[in-house]
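Open the model in your viewer and keep the selection panel at hand.

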Amino acid sequence: MPLALDKLLAGLNIPAPAIELCDIQLDTRLLKPGSLFLALKGHAVDGRLFMQQAEQQGAAAILFDNTDGFEPPALNIPCIAVSGLAEKVSELAGLFYETPAQKLALVGVTGTNGKSTCTQLIANWAELLGQRGGVLGTLGNGLFGQLRATENTTGSAISIQQELARFVAENVDVAAMEVSSHGLVQHRVSALQFAAAVFTNLSRDHLDYHHTMEAYADAKRQIFKQATPEHCILNADDATACTWLKDMPQAVIYAIDQRLPNHPGPFVYASDVKYHPQGITISIHSSWGDGVLSAPLLGKFNVSNLLAALAVMLVLQYDFETLCQTASRLQPVTGRMECFGNQDQPLVVVDYAHTPDGLEKALQAARQHCHGRLFCLFGCGGDRDKGKRPQMAAIAEQWADTLILTDDNPRTEDPAAIIADMCAGLQKPERVHIEHSRTEALRLALAQAVPGDIILLAGKGHEDYQIIGKEKHHYSDRETVMQLLGVMP
Ligand SMILES: CC(=O)N[C@H]1[C@@H](OP(=O)(O)OP(=O)(O)OC[C@H]2O[C@@H](n3ccc(=O)[nH]c3=O)[C@H](O)[C@@H]2O)O[C@H](CO)[C@@H](O)[C@@H]1O[C@H](C)C(=O)N[C@@H](C)C(=O)N[C@H](CCC(=O)O)C(=O)O
Ligand SMILES: Nc1ncnc2c1ncn2[C@@H]1O[C@H](COP(=O)(O)OP(=O)(O)OP(=O)(O)O)[C@@H](O)[C@H]1O
Ligand SMILES: N[C@H](CCC[C@H](N)C(=O)O)C(=O)O
Ligand SMILES: [Mg+2]
């Protein structure tokens, strides 16, 4: 770096003048003098309408998409038409940043649920094995444990290459990235050479964008088709994955309590799963060997996430025995079934479940580990879907022994009215405790709970605020739990 325009476009067989470029940008709001501006038609606005503005801001040159016959304005800097430009941004940015994906082991994880968890587990495991692990995803981008917040789960085609180049400079060995369905259909990862690509599962989500489940599934499947990954890893417990596997005999599969005798490719199977208060213990039967591993994670869905991460580490050629031994030192993901408390205390679990389905899964997961009473403490957000309030209360009443309703970002609504909406879903409203302050609600639960009990604190996860009216007040379930228990996570 810096790379001249002619060299950059030579890769696409497009002749261009030798102009030095300081960077590449999709957005005039990020443009610097000397940038190459890529003008694309977007979902909300047509980026080609900003070409004049880009020139005024000092852009060195512009590439614009002319697939639809767009006529550019007359400008005094080079403006080069590129058909299908959106599909080429990943490749162009890759060339500009010297194909960073090839200088580390890049792992892409897609699926409706489990992306953040799997990517964090992969980077965490790499660190435990003395390597450097990086993460790109919902909780941020950066070295494991040092994430910088991001707007999207999957960044733009340019920012991904830029982040990967940063990882290369930081000597990252394994970069685990969440790949959203939006990212796939918008070609944000199209030129990335994945060492391994994982599909976790498919369930209803994002239909506002994809319209049908078929289109949503096709979007996810692109991860295996765009730039063919070296290793494809699929969850054989997922019905959609099973339909794809018929055409993917070489794929690595993982599954819990079932075997797919007709699949010829490598496998990682879990059996004899034990759910105990500190986590899970699993027997592994795999193409790389058999063994037992324990991890401080809760719930069946985390067994699945752990298998996905294990399969990734195995295809990256990390040693099976060492992986089994180090699993016990993996960390739960911030605010996702995250456990607090020592053996003389009740276990407090902080989770981000904030939908009826999510809450039910989290309660089921907690129940699998609970030898005593299960407490559930949660609220519903104000100025958000009111229909879920009675449903979530009904689910919590069904699964928990003791239910405490509290506030969760009431925003501009009356907190008492939100709780009244929730109570409408209860069979026995007289049995529920209502305590608007989350801190006091947790104090109430802790006063009743004994070691062996589990208190599930749902809805806020990693959030560090409580929104009251239009104001954000600092509040964190994680900090409150640690303070009241007097422990570290
Ligand atoms: C609807 C959608 O997905 N939009 C994404 C898309 O933007 P776009 O290209 O359509 O942008 P646009 O706003 O129409 O603008 C068109 C062009 O004009 C440019 N522009 C615009 C304004 C200006 O002043 N100057 C300028 O140059 C823009 O940079 C853009 O190149 O491409 C951008 C770059 O990659 C994304 O940041 C942007 O994500 C928006 C912010 C978004 O909210 N996306 C969500 C739906 C999303 O992607 N979610 C997924 C999944 C999350 C999950 O699983 O829950 C994610 O990966 O985050
Ligand atoms: N493999 C899984 N299957 C089903 N549910 C899961 C799985 N893993 C996690 N979950 C549930 O989904 C929630 C979100 O998990 P996670 O953040 O790992 O998913 P994600 O795919 O990154 O989601 P997002 O779309 O928000 O990026 C967790 O709080 C948990 O309750
Ligand atoms: N980020 C999502 C989920 C937040 C969950 C819960 N904490 C709430 O505020 O409803 C939202 O704002 O809808
Ligand atoms: Mg995520």
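UniProt annotations may be inferred rather than shown by experiment, and their positions are given here in the numbering of this model. Keep in mind too that this is a predicted model.

**Stop 1: the annotated domain**

Select residues 24-97. The UniProt record, an unreviewed entry, annotates this span as "domain: Mur ligase N-terminal catalytic".

**Stop 2: ligand 2**

Select ligand 2 and show its surroundings. How many residues surround ligand 2? There are 15, and the closest are Lys115, Ser116, Thr117, Asn305 and Arg336.

Colour the helices next. Both α4 (115-128) and α10 (300-315) supply at least two residues each to the shell around ligand 2. The largest share comes from α4, with 3 residues.

Then look at individual contacts. Start with Arg336: an N or O atom in its side chain is 2.4 Å from an oxygen atom of ligand 2. Move to Gly114. Here a polar backbone atom is 2.9 Å from a ligand 2 oxygen. Finish at Asp351, where an N or O atom of the side chain is 3.2 Å from an oxygen atom of ligand 2.

Colour the shell by residue class. Around ligand 2 you get 9 polar, 5 charged and 1 nonpolar.

**Stop 3: ligand 3**

Select ligand 3. Which residues are around ligand 3? Pick out Tyr352, His354, Gly381, Arg384, Asp408, Asn409, Arg411, Gly459 and Glu463.

For Asn409, an N or O atom of the side chain is 2.8 Å from an oxygen atom of ligand 3. For Arg411, a polar side-chain atom lies 3.0 Å from a ligand 3 oxygen. At Glu463 the ligand atom is a nitrogen: it is 3.0 Å from an N or O atom in the Glu463 side chain. Taken alone, ligand 3 exposes 340 Å², of which the protein buries 78%.

Keep the class colours on for the last view. The shell around ligand 3 divides into 4 charged, 4 polar and 1 nonpolar.

Terms used. Residues are numbered from 1 along each chain as its sequence is written. Chains are lettered from A and ligands numbered from 1 in the order in which they are written. This is a predicted model: local features need pLDDT of at least 70, side-chain atom pairs count only at pLDDT 80 or more; totals for chains, interfaces and linings use all residues. Side-chain values use heavy atoms; hydrogens and water are left out. A residue is near a molecule or strand if one of its heavy atoms lies within 4 Å of it. A polar contact is a pair of N or O atoms within 3.5 Å; within protein, one must be able to donate a hydrogen and the other to accept it, and residues adjacent in sequence count only if both atoms are side-chain atoms. Accessible areas come from the Shrake-Rupley method with a 1.4 Å probe; for residues, only the protein chains shown count as cover. Ala, Val, Leu, Ile, Met, Phe, Trp, Tyr, Cys and Pro count as nonpolar, Asp, Glu, Lys and Arg as charged, and the others, Gly among them, as polar. Helices (H or I, at least four residues) and strands (E, at least two) are DSSP runs, numbered from the N terminus.
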